[in-house]
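Here is a briefing on backbone geometry and sheet layout. Look at the structure first, then take the points by topic.

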Amino acid sequence: RWLQRCFTAMDESEPKYGYEQALFPIVQGSTYKDLREASAHAISAFDAVGNAIGGLSVGEPDEDLYEMTDLVCNILPKDKPRYLMGVGTPINLLECIALGVDMFDCVIPTRYARQGTLFTRMGKLRIMDKTFRKDKYPLDTACRCYTCQTYSRMVLRYLFFTKDPLAETLATIHNLTFYQDLMADIRR
């Protein structure tokens, strides 16, 4: 009933800021297969422009995330975007794309960056580790972001160590670039 009210409100609303708005219903149901299936079938019947999958980034094991995502993606229309809310790590993205997910949002790249954890093509890097005290290499030698082109691991570590706010900005630039590059590579 709530979803029907949402669609009615959307139909009665004028476009905001000159742009048509999109309503993506959200599949819920935790890790209960019967609830997820019922939610996905009910949402599919609305023929929305896209559909969201929610409630799978709240601490459950990756195996449950993948199982529920697979279940739902096999029900939701394949010709409509599928948006997995709040997920995830690079490996989560790869696995869920393979299961049929098209869109993501997540705080991980920015939150991890602010805490000094950087994603690289060689894996995660904790910049505060002592091993980077005299490391003159960029975070990721294949990365073209401003941070990697301008600062060494040693300098970035020093900025974090001294609690310079520039450290979090540079780390965020890098992690967001890493995620953009990852998605571009996956599309290719």
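Gly88 sits in the loop between strand E3 (82-85) and helix H4 (90-99). The model is predicted. The peptide bond from Val87 to Gly88 is cis, with omega near 10°. Most peptide bonds are trans, and most residues other than glycine have a negative phi.

- Ser30 is not a glycine, yet its phi is positive, about 55°.
- The loop that holds Ser30 runs between strand E1 (26-27) and helix H2 (33-44).
- Ser30 is partly exposed, with a relative accessible area of 36%.
- Lys163 is not a glycine either, and its phi is positive at about 60°.
- Lys163 belongs to the loop between helix H7 (153-161) and helix H8 (165-187).
- Is Lys163 buried or exposed? Lys163 is exposed, with a relative accessible area of 72%.

**Sheet layout**

- Four strands make an open sheet, ordered E1-E2-E3-E4, with parallel pairing.
- E1 and strand E4 (103-105) are at the edges; each has a single partner strand, so one side of each lacks a neighbour in the sheet.
- E1 pairs with strand E2 (residues 51-53) in the parallel sense, over two bridges.
- Val27 has Ile53 in E2 as its bridge partner.

**Helix on the sheet**

- Which strands does helix H3 touch? Helix H3 (residues 62-73) packs on the sheet and touches E1, E2 and E3.
- The direction of H3 makes about 155° with that of E3.

Notes:
Residues are numbered from 1 along each chain as its sequence is written. This is a predicted model: local features need pLDDT of at least 70, side-chain atom pairs count only at pLDDT 80 or more; totals for chains, interfaces and linings use all residues. Side-chain values use heavy atoms; hydrogens and water are left out. Buried means under 20% relative accessible area, exposed over 50%, partly exposed in between (1.4 Å probe, protein chains only). Two strands pair if DSSP finds at least two bridges between them. Contact means heavy atoms within 4.5 Å. Axes are lines fitted to C-alpha atoms, for helices over the stretch in contact, and angles run from 0 to 180 degrees between N-to-C directions.
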